[in-house]
Amino acid sequence: MIKFEHSVFALPFALTGALLAWREIHLSGVAFAAKVGWIVLAMVGARSAAMAFNRILDAEIDARNPRTRMRHIPAGTLSSGFAWGFVTVSVLVFLFAARALNPLCLKLAPLALGVVFLYSFTKRFTSFSHLILGFSLGIAPAAAWIAVTGSLDPKILLLTAAVTFWTAGFDIIYSCQDYEFDHEAGLFSLPKRFGIAGALWIARLFHVVMVGCLVTLSLSFDLGWLSFAGIGAVVLLLIYEHSLVHANDLSRVNAAFFTVNGYVSVLFFLFWAADIFFLGVRA
């Protein structure tokens, strides 16, 4: 029901936020490694809880959608009771990790859960549910910054914005598959509101905004050429992603959604981590 490997979308950006925080405060290597371990556990707990909650809430809708009717709950492979138990355990894991990080993380943990759970309701009342999903992933790097420093620097919100628009863009592409079903079921999405062609242009615009946020973020933290090389890699991958999908051909949506965006997040992290480690930590 929940594929842990799909955490690859947000986790590398969260780790980037943690590295930028470490660069600012010069936390010792051992202390930072411990922080990273708790951050990863918190990320997996929060994402697993949110995804399982989404599966529970959407079970009836998924059962009517030909694309999703074989998901575990509508197909009867797993019971809703099991799924609720999974949500409960995942929430407890998340809260335990948040408590281990610092007091502010624990105080903000219910708010974070509220954000990630909210997304599951949004397709029922707003066409901009894609941005809510984006924000659910986008808070990860800011949360990682708080986990390392115990406070929030507004500069890291540029990475939150970048992840928000990146996620919203690729979610628009993915949701084009449900264009007809959304009309039949009375659900909301940008493809339904603007048509598939119009929605794909919005997705392109969102990804342009993402790149602008990354450039501004690099300049704000005075990073080196490797960070810009990473942004260049992201740009090339996004261009490739958009070349895979067209309004009259959605046959390669899954490749655009899963494969390309996995490379986007991982390569971005590798380039930025290299910049931080090999081009020097600010004195």
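Phe9, Phe13, Trp166, Phe170, Tyr174, Phe257, Phe258, Phe268 and Trp272 form one aromatic cluster. The model is predicted: local features need pLDDT of at least 70, side-chain atom pairs count only at pLDDT 80 or more, and totals for chains, interfaces and linings use all residues. Residues are numbered from 1 along each chain as its sequence is written, and side-chain values use heavy atoms, with hydrogens and water left out.

**Exercise 1. Classify the ring pair of Phe9 and Trp166.**

Step 1. A pair of aromatic rings is described by the distance of the centres and the angle of the planes. Rings of Phe, Tyr and Trp (its six-membered ring) pair if their centres lie within 6.5 Å; planes under 30 degrees apart count as stacked, over 60 as edge-to-face and the rest as tilted.

Step 2. The structure holds 19 aromatic pairs. In the pair of Phe9 and Trp166, the centres are 6.4 Å apart and the planes stand at 75°, so the pair is edge-to-face.

Step 3. Phe9 lies in the segment before H1 and Trp166 in helix H8, 157 residues apart, so the pair links distant parts of the chain. Helices here are DSSP runs (H or I, at least four residues), numbered from the N terminus.

Step 4. Buried means under 20% relative accessible area, exposed over 50%, and partly exposed in between (1.4 Å probe, protein chains only). Phe9 has 8% relative accessibility and counts as buried; Trp166, at 0%, counts as buried too.

**Exercise 2. Classify the ring pair of Phe268 and Trp272.**

Step 1. The ring centres of Phe268 and Trp272 are 4.7 Å apart and the planes are at 35°, so this pair is tilted.

Step 2. Phe268 and Trp272 are four residues apart in helix H12 (residues 253-278), which means a separation of about one helical turn. Both Phe268 and Trp272 are buried.

**Exercise 3. Describe how H1 and H8 pack.**

Step 1. Helix H1 (residues 11-25) and helix H8 (residues 157-175) pack at an angle of about 170°, and their axes are 11 Å apart. This makes H1 roughly antiparallel to H8 (under 35 degrees counts as roughly parallel, over 145 as roughly antiparallel, 65 to 115 as roughly perpendicular, the rest as oblique).

Step 2. On the H1 side, Phe13, Thr16 and Gly17 meet Leu159, Val163 and Trp166 of H8.

**Exercise 4. Describe the surroundings of Phe128.**

Step 1. Phe128 is in the loop between helix H6 (103-122) and helix H7 (129-149). At 36% relative accessibility, Phe128 counts as partly exposed.

Step 2. Leaving aside neighbours within four places in sequence, Phe128 is in contact with Leu190 and Arg193 (contact means heavy atoms within 4.5 Å).

Terms used. Axes are lines fitted to C-alpha atoms, for helices over the stretch in contact, and angles run from 0 to 180 degrees between N-to-C directions. Helices (H or I, at least four residues) and strands (E, at least two) are DSSP runs, numbered from the N terminus.
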